[in-house]
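Subject: Structure handover and notes

Dear colleague,

I am passing on the structure below, followed by my notes on what was found in it. Please keep it open beside you as you read.

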Amino acid sequence: MNKTFIALSVACMGLGVAAQSFAASSTLETVKARGQLICGVNTAAPGFASVDSKGNWSGLDVDVCRAVAAATLGDASKVKYVPLSSPQRFTALQAGEIDILARNTSWTMNRDTTTGALFTAVTYYDGQGFMVPKRLNVKSAKQLNGATICVQSGTSSEKSLADFFTINNMKFKTVVFDTTEATQSAFFSGRCQAYTTDMSDLAGARTNSANPADYDILPDVISKEPLAPAVRRGDDEWYSIVRWTIFAMINAEELGLTKANVDEKKATDMRPDVQRLVGASEDMGKMLGLDKDWSYRIIKQVGNYGESFEANLGPNSKLGLPRGNNNLWTQGGLLYAPPIR
């Protein structure tokens, strides 16, 4: 082989490694230099991301963003929320307009391989369903043959809807909108006989109606919708930071650490896994390019996963959803986080 060719190949490999090294640290460096995390969220999804009249955001996805800000910037409040419609979300992520896409987005093979996004960890196990006006007296989705159905464009709900009706040899007509607000408004104004989206979204949408008691959410769950925040591909360090932020929240619940007791536990609970999680023993943060207290700040400023779930989605919240699949694995659910050690 030509020596010049070999030399050029080695040089190019070196440049490639350098480029990868730069890309791996660029998001964290950008966030730190900016002093603010930019998070892409839903335009209106009670329980996941919604804003009040004073401009205060709340929701499970919002708490993930706050937790990443606490871990990387030391302050959970240093977040700018960018509301995105379904068609906008992956484009905004790829364009670098946001650092994290935390927009109750379903993790699918197509999205994982064609959008340039890398999904981090499941934060909510959901499934698609239907909501109908109670006056129609519909008790099952299989009674919707020939129905007009409101659905948001650019969502996995469109394909799952078509699959369900094909499998059951039924016909339907869609009325499609670009935004959550427009889709819900059309359904509540009577333009459609049914509205389909994730079950958690349906529960949130019903709370936005003038008369929630006028609507039924059917029991049928027609798909798997694992919801997970996503980051851009090519930045392994940032991917790890977001993923382990979520795992820290789940591990904190499993170990019984809360916003209220984390300081006491740090001083008195000598279990090795607790001491690592609160930054009192081994320095786990250096593996992520962060400081020793990264996970302590997540718990102290945001709380564990269960606290976020209960506040935003749980039985005592406005949505009133049970934990179900979103319970810890030790309590019959699917939440299982790798250990921090």
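The buried residues of helix H12 pack against strand E3 (57-58), helix H2, strand E7 (124-126) and helix H8, where packing is a matter of contact, that is, heavy atoms within 4.5 Å. Those buried residues of H12 (residues 305-312) are Tyr305, Gly306, Ser308, Phe309 and Asn312, and viewed down the helix axis they fall within an arc of 160 degrees, so they line one face of H12. The arc is taken from the directions that run from the helix axis to the C-beta atoms. Buried means under 20% relative accessible area, exposed means over 50%, and partly exposed is in between, with a 1.4 Å probe and protein chains only. Helices (H or I, at least four residues) and strands (E, at least two) are DSSP runs, numbered from the N terminus.

Before going further, please note that this is a predicted model, in which local features need pLDDT of at least 70 and side-chain atom pairs count only at pLDDT 80 or more, while totals for chains, interfaces and linings use all residues. Residues are numbered from 1 along each chain as its sequence is written, and side-chain values use heavy atoms, with hydrogens and water left out.

The axes of H2 (residues 60-73) and H8 (residues 236-254) come within 10 Å and cross at roughly 110 degrees, the axes being lines fitted to C-alpha atoms, for helices over the stretch in contact, with angles from 0 to 180 degrees between N-to-C directions. H2 and H8 are therefore roughly perpendicular to each other; angles under 35 degrees count as roughly parallel, over 145 as roughly antiparallel, 65 to 115 as roughly perpendicular and the rest as oblique. In this contact, Val64, Ala67, Val68, Ala71 and Thr72 of H2 meet Trp238, Ile241, Val242, Thr245, Ile246 and Met249 of H8, and the residues divide into nine nonpolar, two polar and no charged. Here Ala, Val, Leu, Ile, Met, Phe, Trp, Tyr, Cys and Pro count as nonpolar, Asp, Glu, Lys and Arg as charged, and the others, Gly among them, as polar.

With helix H11 (residues 294-301), the axis of H2 comes within 8 Å and the two cross at roughly 140 degrees, which makes H2 oblique to H11. Arg66, Ala67, Ala70 and Ala71 in H2 meet Trp294, Arg297, Ile298 and Gln301 in H11, and by class this contact has five nonpolar, one polar and two charged residues.

Elsewhere, Cys150 lies in strand E9 (residues 147-152) and is buried, with a relative accessible area of 0%. Not counting residues up to four places away in sequence, Cys150 touches Val175, Phe177, Thr183, Ala186, Phe187, Cys192, Ala194, Tyr195 and Thr196. In helix H6 (residues 180-188), the residues Thr180, Thr183, Gln184, Ala186 and Phe187 are buried, and they cover an arc of only 160 degrees around the axis, which puts them on the same side of H6. Just after H6, Gly190 takes a positive phi of about 95 degrees.

Finally, Asn104 has a positive phi of about 25 degrees although it is not a glycine; Asn104 is found in the loop between strand E5 (100-101) and helix H4 (109-114), and at 6% relative accessibility it counts as buried. Asn137, also not a glycine, has a positive phi of about 60 degrees and is found in the loop between strand E8 (128-133) and E9.
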